[in-house]
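Subject: Structure handover

Hello,

Here is the structure I promised you. Please open it and keep it beside this email as you read.

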Amino acid sequence: MTSPIAVVLVSGGLDSFVAAASAQAAGYRLLALSIDYNQRHRVELAAARRVAATLGVERHVVLPLDLSAFGGSALTADIDVPKDGVGEGIPVTYVPARNTIFLSLALGWAEAAGARDLFIGVNALDYSGYPDCRPEFIAGFATLAELATKAGVEGSPFRIHAPLQDMTKADIVREGARLGLDMGLSWSCYDPTSDGEHCGLCDSCRLRHKGFEEAGVPDPTVYARPPAAP
């Protein structure tokens, strides 16, 4: 029998790398989708290409979609990236409706390709508080996918997989190590230096380093400054 196809969202980050590798380990053939949304930290697209290549995906699409036209986020507009640790509330690095937009595009490709499985690397434990990383969002999108597609209304619903949903960052690092991944290929920083190093101070750097430390796995990341606690 032919292995099933899954569309995996690959941002270049650690979480999406581990989620995609988990899909592959579960026996799926991979179609990888990355979105070039004109993000400030464009180095992540290079990481996405590295991740897709090392996983040997069947096809990798880097789709241009300029969300900087909307702004509203430190990742798409001229707004300073916070460097004082993970705080209360939803931070300014939240990109409005990003995962809704990305999953919608992945859903369109999945239906066109005859795939019924989508993978996204969200988690809702060690994270910055983004609303579109919560289990309620994933469940809601699965309902939307069933209502919004020909396949869904004809009785062939889509499955939205978030295999890291209930993992801490340390759990994610351990899973990456178990899968034998070179996690140094991934990129997490929201505000990379001009030398191409992780800044060490943004939320994402702090959470990434915390994960490696708590997992007891050597952190392969090059930081401009030693990361502080989240």
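Below are notes on a strand and a helix. Bear in mind that this is a predicted model.

**Strand 1**

Start with strand 1, residues 5–9. Five of its five residues are buried, so the strand is largely enclosed by the rest of the structure. Which residues cover each side? I5, V7 and L9 lie on one face, and A6 and V8 lie on the other. Both faces are covered, as these residues are all buried. In a regular strand, side chains alternate between the two faces of the sheet.

Now look at the partners. Strand 2 (residues 29–36) runs parallel to strand 1, and five bridges join them. Strand 4 (residues 117–119) also pairs with strand 1 in the parallel sense, over three bridges.

Together with strand 1 and strand 2, helix 1 makes a right-handed β-α-β unit.

**Helix 7**

Next, find helix 7, residues 203–215. At 1.5 Å a residue, its 13 residues should span 18 Å. The end C-alpha atoms are 18 Å apart, which agrees.

Is helix 7 enclosed or open? Of its 13 residues, 10 are buried, so helix 7 is largely enclosed by the rest of the structure. Among the buried ones are C205, L207, F212 and A215. The buried residues of helix 7 pack against helix 1 and helix 6 (169–178). Just after helix 7, G216 takes a positive phi of about 70°.

Best wishes

Definitions and conventions. Residues numbered from 1 in each chain as written. Predicted model: local features only at pLDDT ≥ 70, side-chain atom pairs only at ≥ 80, totals over all residues. Heavy atoms only, no water. Buried < 20%, exposed > 50% of the residue type's maximum accessible area, 1.4 Å probe, protein only. Helix = DSSP H or I, 4+ residues; strand = E, 2+ residues; numbered from the N terminus. Pairing = 2+ DSSP bridges. Right-handed = clockwise from strand over helix to strand, strands pointing away. Expected span 1.5 Å × (residues − 1). Contact = heavy atoms within 4.5 Å.
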